[in-house]
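I opened this notebook to record what I looked up, one topic per entry. I begin with a term that a later entry needs.

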Amino acid sequence: MLAQLPEGFTTLVTGAGGGIGRAVVDALLASPRPGRVIGVSRQSGPVVNDARCEALNTDLTTAEGREALVAHLDGTPLHLTFNTIGMLHDEALGIHPEKRLDDLDAEALARLFQVNATTPALLLRALQPNLKGHHPALVASLSARVGSIEDNRLGGWYAYRASKAAHNMLMRTAAVELRRLNPTIAVACLHPGTTDTALSRPFQARVPEDKLFTPAFVAERLLNVLEQRRLGESASFHDWAGEPVAW
Ligand SMILES: NC(=O)c1ccc[n+]([C@@H]2O[C@H](COP(=O)([O-])OP(=O)(O)OC[C@H]3O[C@@H](n4cnc5c(N)ncnc54)[C@H](OP(=O)(O)O)[C@@H]3O)[C@@H](O)[C@H]2O)c1
């Protein structure tokens, strides 16, 4: 697994209580290669019976949460940073994907931008001391194909699409700068495919069974896609099958 990273590599997984995040933690721990897997979640994480796993319970959408993470890491060089935080809907806040312009709501737009775009970018800002140096480093962040501007033929889902497009631009912009901090860094935006998690559950009815993936399958696929990334390469956007997605 991830042969471009050193034996005993250190990984950070954010959104570790989410469907895909949890599966990424499990997939990493199934390999003997990672030495330390730090899972960050707002939820108190499941007890994983593996001494290599550390759970940090905080909300990375807040400045306090990011400060708690920086304090926990205490300058540790990160080899793999895997962000899985993202939202599409929130029943409690009455946020649903928009079907038409009339559905647009300023607060819902701002919320999705905060979780899907601002948070991953501010996370990278906070992690600069852990990425800086010459150690091999991969940065992955979960995007979505609907965030592709080129691929948008169906319309709808304004806030989610736009926040993922902004996510991609922020990651691509940060990649240029991060490579000055550490020439090995490769930043990868990843589309997991439709995956059976809380995020997709209300929208699964019309998804054919063979197109709805388990989180475990997706985690394995995404780690495979990362395995194909070359250290120091430009920012990339790939789907679960390793196919490039148009920005
Ligand atoms: N599932 C799909 O079909 C699909 C398709 C395309 C792209 N994606 C992307 O894949 C990523 C992972 O999604 P998933 O399917 O695993 O969904 P999920 O089970 O809902 O997990 C997403 C996680 O993101 C964090 N999060 C969500 N809303 C948040 C908020 N308001 N404040 C702070 N943290 C929040 C939470 O992490 P904690 O609970 O650990 O705090 C949550 O568990 C997302 O970026 C999503 O956009 C998913």
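Entry on terms. Before looking at any helix pair I noted how handedness is assigned: a crossing is left-handed if the near helix is turned anticlockwise from the far one by less than a right angle, and right-handed if clockwise. I also noted that the model is a predicted one.

Entry on the helix pair. I looked up helix H1 (residues 19-29) against helix H5 (residues 215-227). H1 passes H5 in a right-handed crossing. Their axes come within 8 Å and cross at roughly 65°. Which residues make the contact of H1 with H5? On the H1 side I listed Gly 19, Ile 20, Arg 22, Ala 23, Val 24, Asp 26 and Ala 27. On the H5 side I listed Pro 215, Ala 216, Val 218, Ala 219, Glu 220 and Leu 223. I sorted the residues of this contact and got 9 nonpolar, 1 polar and 3 charged.

Entry on the ligand. I then asked how many residues surround the ligand. There are 27, and the closest are Gly 17, Gly 18, Ser 41, Gly 86 and Thr 197. H1 came up again here: with 3 residues, this helix gives the most to the shell around the ligand. By class, the shell holds 10 nonpolar, 15 polar and 2 charged residues.

Entry on the sheet. I followed the strands and found an open sheet of 7, in the order E3-E2-E1-E4-E5-E6-E7, with parallel pairing. Which strands are at the edges? They are strand E3 (53-57) and strand E7 (236-239), each of which pairs on one side only. Ignoring direction, I noted that neighbouring strands of this sheet are turned by 20° against each other on average.

Entry on one strand pair. I picked strand E5 (residues 138-142) and strand E6 (residues 186-191), which pair in the parallel sense over 5 bridges. For Ala 140, I looked up the bridge partner in E6 and found Ala 188.

Entry on the whole chain. I counted 5 helices and 7 strands in the protein chain. Read along the sequence, they follow the pattern β-α-β-β-α-β-α-β-α-β-α-β. The radius of gyration of the chain is 17 Å, close to the 18 Å that the globule rule gives for 247 residues, so the chain is as compact as a globular protein of that length. Last, I noted the extent of the C-alpha trace along its principal axes, which is about 50 × 40 × 35 Å.

Technical notes:
Residues are numbered from 1 along each chain as its sequence is written. This is a predicted model: local features need pLDDT of at least 70, side-chain atom pairs count only at pLDDT 80 or more; totals for chains, interfaces and linings use all residues. A residue is near a molecule or strand if its C-beta atom, placed from the backbone, lies within 6 Å of it. Helices (H or I, at least four residues) and strands (E, at least two) are DSSP runs, numbered from the N terminus. Ala, Val, Leu, Ile, Met, Phe, Trp, Tyr, Cys and Pro count as nonpolar, Asp, Glu, Lys and Arg as charged, and the others, Gly among them, as polar. Axes are lines fitted to C-alpha atoms, for helices over the stretch in contact, and angles run from 0 to 180 degrees between N-to-C directions. Two residues are in contact if their C-beta atoms, placed from the backbone, lie within 7 Å. Two strands pair if DSSP finds at least two bridges between them. The radius of gyration is taken over C-alpha atoms; the globule rule is 2.2 Å times the number of residues to the power 0.38.
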